[in-house]
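User: I would like to learn how to read a model of a complex, feature by feature. Could you walk me through one?

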Amino acid sequence: MMRVILALFALMLASAPLRAEEVVMGLSQNRVSITANFDGSEILIFGAVKREKPLMADPLEVVIAVAGPSEPVTVRRKDRRAGIWVNNAAVEIDAAPSFYAVASSGPLAQVLRDTEDLRHKITIPRAIRSVGAPAEVGDSQKFTEALIRIREKAALYQTLEGAVEFREQTLFNTSIALPANLTEGAYATRIFLTRGGEVVAQYETAIEVDKVGLERFLYTLSREQPLVYGLMSLAIAIFAGWGASAGFTLLRQS
Amino acid sequence: MQIYLPIAEVSVNAFLLLGLGGLVGVLSGMFGVGGGFLSTPLLFFIGIPPAVAVATQATQIVASSISGVLAHLRRKTVDLRMGTVLLAGGLVGAGLGVFVFNYLKSLGQVDLLVRLCYVLFLGVVGALMFFESLRAIRRSRAAGGVPAPKRRQRNWVHVLPFKMRFRTSGLYISVIPPLLVGLAVGVLSAIMGVGGGFIMVPAMIYILGMPTKVVVGTSLFQIIFVSGFTTLLHATTNFTVDLALAVLLLIGGVIGAQIGTGIGLRMKAEQLRILLAMMVLVVCGKIALDLLLQPGELYSIDIVVGA
């Protein structure tokens, strides 16, 4: 029995080096703290390719994707009805990341094959999951495009082709700019090594984005003790109103 | 200086918010309007999510209204009795309004209805006030600088029963019209998400015949309670009151309200009314244009809450 286990163990060890190339990576920070004066953040992602075999002829490429927490969104379109523009058709998108950045060492069309993109959901349109649109909306694709367009304008979705610096087929690094209007959660960071468009190795980690200090306190209070929070808001409002009035009276008298 | 708002989850310039609060505060003190009809669209414009903007500026309005009311109380230009009667009608109206709002929400298109409400009421109120004030100014000019004779209206307001004396306003009228005015404003303010000052002020001047100087303080008095009620409602049901945003807005707001009250007391009543009328018309025009012109981006994103 012991022998069998040992044999299995040996086999597993032997099978590991079959993956000729592996990713080793690091982050400049694996935690982003949202403080009161948070103004966006830049994350440096770097790493190396660990290989046991000599370099192959075909060059390696690197694709890095950072995705914020996904949430369902509704995309609405305005139409002209009786002379005024009103929200008409709406498409619900089941899961759209609140933030998404994909960086690569070359043009994505060359670096990544469509089938691989589909499997790993790497590019922005693939990262958005939209199951079905209502039957009366024929052009649901346009709604997804609009979502991408609006969020790209807000720098929430970024396609950074060629932004990954890849040296000697071994060392790579890139930086991702996180905008100021970030939501909380685990930001999945994935690194793919591709050769000829096929993914040959991948690595995944997460960057935690959290509110801290006063931001954390206010947020938690507003969710868990809404009545206390509401009364506190009112108390501050009343005090501020009275304070300003009293202050100005003093100012005039002096 | 950028500041990250914990509930709105956006980062904005703190001085921009202080300035915005201050501007709204000045208007609030001058005209007795909460300023909601102005600050809500401005907050949308700088990127605050609409739900957070509507809820938070209610908090700010409480602060600037209190600041304004205290300034008016010192000058004895608040009719507390009239304010209480209006408020009684207003709270009943607000309850009714929330009911109507939820009914419209179930039908969809509540956003459009709110906008149409804005255009209709701002347009009518603004135009009426503008032409009336213009006439008043012409009349006082024609009389060679002598103030226009006090209008002694004798309309339906003066023949109803349950008469009550409102000493500060110098009125002896039935309580039914103020109650109805309060009720109507309460309904509208719940639907439109504003304090309702811009409807209340003209209603008090033209329907109840109150003197303009008293109207401002009395309107502010009433707005404190309606907005306070709204704040609590938003905080407990939608979790959309952003305290950091509110504090920044209200610091600017309370200071602005004090300055505005001072300016308002130095101006002539007709000038005050014509300025308010022009501002109401500008906002109305802006909203109407948004509805009529083709928007640059036809699509909009709504994050599904609670899913």
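Analyst: Happy to; we will go from confidence to sheets and then to the contact of the chains. Keep in mind throughout that this is a predicted model.

User: Then let us begin with confidence. What are the ipTM and pTM of the complex?

Analyst: The predictor gives an ipTM of 0.71 and a pTM of 0.69 for the complex. Chain by chain, the mean pLDDT is 80 in chain A, where 89% of the residues reach 70 or more. For chain B the mean is 76, with 86% of its residues at 70 or more.

User: Where in chain A is confidence lowest, and where is it highest?

Analyst: Helix α1 (residues 2-15) of chain A has the lowest confidence in that chain, with a mean of 57, while strand β7 (residues 100-104) of chain A has the highest, at 89. Residues 14-18 of chain A fall below 50 in pLDDT, and this stretch has 1 contact in the model beyond near neighbours in sequence. In chain B, the pLDDT stays under 50 over residues 145-150, and the model has 5 contacts for them beyond four places in sequence.

User: Now the sheets. In what order do the strands of the 4-stranded open sheet of chain A lie?

Analyst: A general idea for strands comes before the case: in a regular strand, side chains alternate between the two faces of the sheet. Here, the order is β1-β3-β10-β9 in chain A, and the pairing is antiparallel. β1 (21-27) and β9 (165-167) of chain A are at the edges with a single partner strand each, so one side of each has no neighbour in the sheet. From one strand to the next, the twist averages 20°.

User: How many residues lie between β1(B) and β2(B) in their hairpin?

Analyst: There are 4 residues between them, and B:Glu9 in the turn has a positive phi of about 60°. The two strands pair in the antiparallel sense over 4 bridges, and B:Ile3 stands opposite B:Val12 of β2(B).

User: Let us turn to the interface. How many residues of each chain are in contact with the other chain?

Analyst: In general, the size of an interface is often given as the accessible area lost when the parts come together. Here we can count residues instead: 49 residues of chain B are in contact with 47 residues of chain A. On the side of chain B, α9(B) gives the most, with 9 residues. That side divides into 33 nonpolar, 12 polar and 4 charged residues.

User: How should I describe the packing of α7(A) and α9(B)?

Analyst: Two packed helices are described by the angle between their axes and the distance between the axes. For α7(A) and α9(B) the angle is about 25° and the axes are 9 Å apart. That makes the two helices, α7(A) and α9(B), roughly parallel. The crossing is right-handed. Residues in this contact include A:Ala237, A:Ala240 and A:Phe248 of α7(A), along with B:Leu250 and B:Val254 of α9(B). The contact comprises 12 nonpolar, 4 polar and no charged residues.

User: And what about α7(A) with α8(B): at what angle do their axes cross?

Analyst: The axes of helix α7 (residues 226-253) of chain A and helix α8 (residues 212-237) of chain B cross at roughly 150° and come within 8 Å. These two helices, α7(A) and α8(B), are therefore roughly antiparallel to each other. α7(A) passes α8(B) in a right-handed crossing. Among the residues that make this contact are A:Pro226 and A:Tyr229 of α7(A) and B:Gly228 and B:Leu232 of α8(B). By type, the contact of α7(A) with α8(B) has 6 nonpolar, 5 polar and no charged residues.

Note on methods. Residues numbered from 1 in each chain as written. Chains lettered and ligands numbered in written order. Axes fitted to C-alpha atoms, helices over the stretch in contact; angles between N-to-C directions. Parallel < 35°, antiparallel > 145°, perpendicular 65-115°, else oblique. Left-handed = near helix turned anticlockwise from the far one by under 90°. Contact = placed C-beta atoms within 7 Å. Nonpolar A, V, L, I, M, F, W, Y, C, P; charged D, E, K, R; others polar. pLDDT = per-residue confidence, 0-100. Pairing = 2+ DSSP bridges.
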